[in-house]
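Colleague: I am new to this structure and would like to know what stands behind the terms used for it. Please take them one at a time.

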Amino acid sequence: MSLQLDEKGKLRHFLSIDGLSRELLIDILDTAESFATVPEQSVKKVPLLRGKTIVNLFFEASTRTRTTFELAAKRLSADVLNINIGASSTVKGETLLDTLRNLQAMHADMFVVRHQESGSAHFIARHVKPYVSIINAGDGRHAHPTQAMLDMFTIRRHKKEFGKLCVAIIGDILHSRVARSQINALNMLGTGEVRVITPKTLLPNGHHSLGVQVHHDLKTGLKGTDVIIMLRLQNERMSGAMLPSEAEYFRLYGLTEEKLCGAKSDAIVMHPGPINRGVEMDSQVADGPRSVILQQVSHGIAIRMAVMSMAMHQGTGEAKDWGGGPLSRGKRGSEA
Amino acid sequence: MSLQLDEKGKLRHFLSIDGLSRELLIDILDTAESFATVPEQSVKKVPLLRGKTIVNLFFEASTRTRTTFELAAKRLSADVLNINIGASSTVKGETLLDTLRNLQAMHADMFVVRHQESGSAHFIARHVKPYVSIINAGDGRHAHPTQAMLDMFTIRRHKKEFGKLCVAIIGDILHSRVARSQINALNMLGTGEVRVITPKTLLPNGHHSLGVQVHHDLKTGLKGTDVIIMLRLQNERMSGAMLPSEAEYFRLYGLTEEKLCGAKSDAIVMHPGPINRGVEMDSQVADGPRSVILQQVSHGIAIRMAVMSMAMHQGTGEAKDWGGGPLSRGKRGSEA
Amino acid sequence: MSLQLDEKGKLRHFLSIDGLSRELLIDILDTAESFATVPEQSVKKVPLLRGKTIVNLFFEASTRTRTTFELAAKRLSADVLNINIGASSTVKGETLLDTLRNLQAMHADMFVVRHQESGSAHFIARHVKPYVSIINAGDGRHAHPTQAMLDMFTIRRHKKEFGKLCVAIIGDILHSRVARSQINALNMLGTGEVRVITPKTLLPNGHHSLGVQVHHDLKTGLKGTDVIIMLRLQNERMSGAMLPSEAEYFRLYGLTEEKLCGAKSDAIVMHPGPINRGVEMDSQVADGPRSVILQQVSHGIAIRMAVMSMAMHQGTGEAKDWGGGPLSRGKRGSEA
């Protein structure tokens, strides 16, 4: 039985795309759709998680990701605690589980966890009480599922159906938790063709089981693509030997208007941010008409509101207590 | 006249157990009882301190303690400002009193103060305006009264009456502000017998006036106890000469299931956290059936909500404006 | 056309006093007047910016200034995000504009910007979307307009009319963004006489165009003044060569009761804080009957609430939706 679901098959934790059904992914996208208009309201909040306590538990600093979760939680009217674990109890020698048990005893309802070790979000989810939900905000090289879902949301908004799409993911597949989650989500949603375009040194060993077409040449790899997803070059995760230089990387795999010619004329360009301009792509592309990078950021709030509210209301029916507003336009009723 | 009380004898500041009456301590426990069910509500908040500004003024870093006060304040619907003074105005050479006067001028209603110097909370309380309340969140070796009160709350929940209890406090009495506050509270509440079990080097000079039985041997000290309170070994407060080694300390004063045999069969084990597993106790005890350590953490929120709301509403009758909810089940009416 | 105003001439950004009309400055003062009583309410909040997202974007650490904006925003019921940019995305090499565009994409409504470079707030304001407002919380040596306006508010509360006043600004004019903003505001409001009293080495080159009388001697400079504004000696902005020593500075330009004799008998003494006691003034003056320094701090919250709410409601008429409360006593109706 999946750790992520409760006994009725509803979302309890959101740890990875792996282990979730196609229906559940679509439900997340639909729920996010219902939240996407909240920022256009004059009071851009919904009272869905009022009085709930959400703890941002960041073992790895990331102001950017933390900010998106904090905003999503506040727009759901939750109380948010930011805990930077590096500067906190571990200093006094407390173990991870003791820290968790303590926060649980304070009746925290949800932990948004970012950790440098793969599998840490699952580890934590296996040890929390039944009333606590875990959201994975990135664990080592393993997964970053809210990033993947905001990407799916962005693709669906532009392309409607996944079945006929050709999607290319470009860059450091080996070290990227984002890529892993994206490939899972694209396949689960029935994407026509998923390609990765990457140097041989940045392709993981088990790539045959990933369900992707592998390209090493950018030009041939881009041919006929509808969606182009650039990965961030994670300097901090690479040993120098794997790449010659940033300039060389840009020459081979950096996106330019010229190289984009091979893609379909209405192809969209995505990037999880922050962009290394002149490395993964030049500014002409980043700020150009095909770029949907800033839309991804907006959609990230809606997706995080969706998984947070779905995980928190699992099995309780509380969502229905909230009369009117965005959710009632969503598909919460068909969650089961 | 006590600095902690207003002219009607109600709580204004909460600085130390010393100086408070038995009735007031019981009133705090009763008020906390009324807040203990708030986390079970679907909206775990009460509007009692809505629109009030509470400033966490931490001169000594403590994410753990700060978190409990922040949560308690948010569940009372107050606005919370976290100010880490190390990184703040003192950098520019401002004196403590200037910092205080400035925050007062911004109409802060309450300061939760943590400071490395004994007496600092009292010092601050002597200098604030009549409309400001001070809560001591730990000052040097002096006091940590909310910790002591959450311990009393935990004991009362398990043992009902203090009069017939035998309570042992084990560890570094000399450097512990927690022990000092606990001993005061236990005696004020009429505890049958209070023991301390400690190495000779960690016993304060004036222990004869503390109102405790002193033991140096763990086995004899534990005999017949109803409540066992372990102290944290504060490495940061000790010079190396006072203790041989952590292993030696554990051999002599560390709690194990075997050593627990001498205590009553229904004895409870407490610890203020974070636990040094294998130093103050082994994991079998920490996670065992007698441990109430995580309950202490939960009760800490209720106690902090109690003293915050009591100190803030002193003399104003505002508490009564709030119709229904936990407080109305408390004993606020009999405060005077 | 001014960057700070919308097409109807209403406040959109608040970047500098320069470029604003006398009417608008008076409107800010009147609006702040309407907020000045909010802290006296039992619930010291107004729902004016409920559901709005305000981001404190501090590129230069300043707990003090950040705190005043955070409090003002919370008392307007906004959601506040504190982002310390030093520790954030710029670490990953993201440019300032990319950071901004990302926060914009998250539907932030307002940025409160503090930056060490002159002109940065204007730069940012030129690049944000139409729905975003920028408040300058201090940019390099250039401007600190909310500080200047809280000073004007304090002067008006004590002296009513600006026309007959003699105001002296004392200290390091050269490096002070506060002085620059104060001089602009005082002149715009028609102050009778504005003097600066400063060592020759701390007078800017273009002082002839400032519209001030220059004095180098404190005694003659103070003669007949109604308002005395001390500047903070910004050690961090000065090369050692410009000043002999702190003691020498105090001897020549430090304010004492004795030196105050030359000023009018009802003159008030102001300082932006934090005070260097014994450098800019001695404690007898700082804590004496003429000092209005702590009132400045209180007024700072009201002024910040005023500019935040005015900038956010520009052109939308939303302010009028809010029935009753402090604002209705203000002059919002005559804003245009």
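Colleague: What makes you say that helix 10 of chain B bends at B:His299?

Modeller: The model is a predicted one. Axes fitted to the seven residues ending at a position and the seven starting there are compared. At B:His299 the angle is about 25°, and that is the bend of helix 10 of chain B.

Colleague: How do you know what span to expect for helix 10 of chain B?

Modeller: The expected span is 1.5 Å times one less than the number of residues. Helix 10 of chain B, residues 293–313, has 21 residues, for which 30 Å is expected. From its first C-alpha to its last it reaches 31 Å, close to that value.

Colleague: Why is helix 10 of chain B called largely enclosed?

Modeller: A residue is buried if 20 or more other C-beta atoms lie within 10 Å of its own. In helix 10 of chain B, 18 of the 21 residues are buried, so the rest of the structure largely encloses this helix.

Colleague: Which element of chain A gives the most to the side of domain 1 that touches domain 2?

Modeller: Domain 1 of chain A covers 22–143 + 297–327, and domain 2 covers 145–294. Contact requires C-beta atoms within 7 Å; 22 residues of domain 1 of chain A are in contact with 18 of domain 2 of chain A. Helix 10 of chain A gives the most to that side of domain 1, with eight residues.

Key
Residues numbered from 1 in each chain as written. Chains lettered and ligands numbered in written order. Predicted model: local features only at pLDDT ≥ 70, side-chain atom pairs only at ≥ 80, totals over all residues. Helix = DSSP H or I, 4+ residues; strand = E, 2+ residues; numbered from the N terminus. Buried ≥ 20, exposed ≤ 12 C-beta atoms within 10 Å, placed from the backbone. Domains from an automatic or database assignment. Contact = placed C-beta atoms within 7 Å.
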